[in-house]
Amino acid sequence: MSSLAAREAYKDELTKLAADNANIICLEADLGGKEHPFQQSYPDRFFNLGIAELASVGIAAGLSKAGFVPFFSTFASFAALRAAEGVKLALGYMGENIKIVAAYGGVSGGWFGTTHHCLEDIAVIQTFQNIRIACPHGEAETRRVVQEAAASNEPYYIRLSRNDKFDSLARDGSGSCRELLFEGAVRSDALLCLVSIGEQATEICSQIYKENERVNHAHLCYVDRDSLKRYKAELQAAAGTLLVVEEHRASGGTASSLALLLPESRVYSHDCGEAWPIYGGSHADVLHYLGFGYEALTRQIAELGGDTDDF
Amino acid sequence: MDTLVQSPSHSAELEELLAKAQAARSSIIDMAARETGCHIGGSLSVIDLLIGAYAKYHHDADTAIVLSKGHSAASLYAALYQYGILSDDPAASYGGADSLFTGHPNPKLPGIPFATGSLGHGVAYAAGWALGQKLRRTSGVGIAIGGDGELQEGLCWETAQLVQAKDITNFIYVVDCNGGQNDGLLADISPLPNLRERFEAFGFRVKEIDGHDLGQIIAALEPDGEKPLAILAHTVKGKGVAAIEGNPHAHYAKISEKIALKWKRGLQ
């Protein structure tokens with residue numbers, strides 16, 4: 001088990017990067033927690049802008065224009081929905097070098113309820129065009145995505161969960177997270193390929209991959225349209241049927257993007273359906289209520305390919 | 001009016017600026033005569049503020065001037081043209097199918113740092129620029145030129161809150177107080193009483209000026225050093241064109257070439 005949840009890994013990695021990059025600015029919106037490592041190491045470049053997400057994106061745009069690399073972190077719902085117009089203009093249209101780090105993606109907020117869930121962010125951000133979208137899984141991948149974002153001049157939206165801790169899937173030391181990652185060897189006789197996005201989805205798909213020898217597992221860290229185009233050939237080679245597993249609504253999710261990019265493939269979606277969560281509980285509890293998880297996915301695989309035993 | 005800034009005596013430089021403002025007004029009228037028309041009322045109220053701001057800062061690479069009330073794009077284009085920042089005459093193609101002179105400021109053009117028009121965003125952008133200059137320890141300033149109607153947007157006050165909280169004292173917020181908005185008078189729609197006190201409560205130094213007096217404008221556009229600065233510039237919608245001066249319904253207009261000629265002849 002990794003020692004850090006993704007959003008803690010983000011803070012730590014950004015603080016390390018700031019040592020060699022004086023242009024990195026850390027912006028928080030009253031959700032970064034006390035004793036933020038960046039604030040402790042670089043107080044002059046750390047700004048808790050308070051509960052003002054829309055203004056924060058505008059301020060980040062001005063900082064970017066002045067040559068800085070602002071990383072702005074808040075919860076996904078506040079970044080992608082409340083501040084949506086600022087993100088559209090500053091990151092999408094103007095292409096400013098802003099990195100949004102959005103914790104509480106999906107329903108990782110669990111019992112905090114619908115105001116603190118975000119099952120729409122990928123669709124919204126994807127619609128704005130030109131924004132690199134990353135959904136890292138586990139500490140190592142999160143660290144690498146933060147490194148890649150800092151090294152890039154592109155606007156980024158990085159979706160994280162809450163406090164779960166995961167080991168990332170093994171990736172070559174020099175490999176970019178923009179490379180599609182297959183778990184294990186690609187099985188030539190697979191009936192379908194699971195395509196996982198985000199932490200919970202990747203964990204579930206990894207479990208099924210280990211149990212079923214007739215499925216492949218492709219993990220996508222980057223899901224912006226430009227990155228998805230790069231994955232086309234590899235995904236087509238992995239299986240004729242793709243089952244995209246993503247903690248998101250079906251509308252505007254990665255399955256719908258891949259279906260448009262791969263019209264010759266059969267693309268299915270395991271997503272969070274159409275219901276609004278009304279109960280509390282853990283992240284897993286809320287996912288279960290929405291019909292997302294290991295059991296539901298196993299049933300869906302069976303429906304697509306026959307009985308589970310066929311795999 | 002509680003005018004805290006006195007106009008300097010006339011000089012050759014001031015005469016030159018008055019000529020630029022006059023030429024810019026003529027250009028705005030020409031844009032109103034284009035097939036699309038333009039936001040003429042607010043463009044004529046803000047043009048002196050733009051001429052003054054560029055006169056003072058257009059050679060300063062560390063200062064950003066952002067027209068946040070982006071619907072007055074015609075005035076921004078006219079001002080940038082007067083200062084040679086734009087080489088093409090905006091009145092020749094404004095609103096056209098192949099023209100970059102769109103109805104709200106087009107950041108593909110030189111001198112336009114951000115896409116404004118959806119109100120409030122330019123204010124936050126300028127504050128961010130100012131913060132960047134402060135971090136770089138330059139003398140640069142972030143100047144947002146907004147409208148009084150724009151102050152109905154929460155984003156303006158969200159930004160004002162942050163500016164004082166983060167001590168961004170090289171930020172200047174110029175408010176074109178023309179008293180009008182799209183559907184009529186602010187006073188009838190959503191009034192802004194005690195505006196000076198509001199900005200003071202947000203930690204700003206406040207100056208009130210005649211927004212058509214270039215001497216006052218230039219004198220006022222000096223960062224305070226201790227506090228962020230709000231300049232409440234009292235202006236007249238449609239200023240310079242007697243037929244529409246003070247008329248809140250002159251927010252947007254398309255006029256004939258004949259009317260345009262008449263209005264240009266009557267410019268004062």
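For chain B, the mean pLDDT is 95, with 96% of the residues at 70 or more. Residues 1-6 of chain B have a pLDDT below 50, although the model gives this stretch 14 contacts beyond near neighbours in sequence. Where pLDDT is low, the predicted coordinates should not be read in detail.

Let us turn to the sheet in chain A. In what order do the 5 strands of this open sheet stand? The order is β7-β9-β8-β10-β11 in chain A, and the pairing is mixed. The edges are formed by β7 (181-182) and β11 (266-270) of chain A; each has a single partner strand, so one side of each has no neighbour in the sheet.

The pairing of β7(A) with β9(A), residues 215-219, is antiparallel and spans 2 bridges. Within β9(A), His219(A) is the bridge partner of Leu181(A). A helix also packs on this sheet: α12 of chain A, residues 294-305, touches β8 (192-197), β10 (241-246) and β11 of chain A. The direction of α12(A) makes about 165 degrees with that of β10(A).

Finally, the domain. An unreviewed UniProt entry annotates residues 30-258 of chain B as "domain: Transketolase N-terminal". Over these residues, chain B is 34% helix and 14% strand, and the end C-alpha atoms lie 11 Å apart.

Thank you for your attention.

Conventions. Residues are numbered from 1 along each chain as its sequence is written. Chains are lettered from A and ligands numbered from 1 in the order in which they are written. This is a predicted model: local features need pLDDT of at least 70, side-chain atom pairs count only at pLDDT 80 or more; totals for chains, interfaces and linings use all residues. UniProt positions are given in the numbering used here, feature names are shortened, and annotations may be inferred rather than shown by experiment. Helices (H or I, at least four residues) and strands (E, at least two) are DSSP runs, numbered from the N terminus. Two strands pair if DSSP finds at least two bridges between them. Two residues are in contact if their C-beta atoms, placed from the backbone, lie within 7 Å. Axes are lines fitted to C-alpha atoms, for helices over the stretch in contact, and angles run from 0 to 180 degrees between N-to-C directions. pLDDT is the predictor's confidence in each residue, from 0 to 100.
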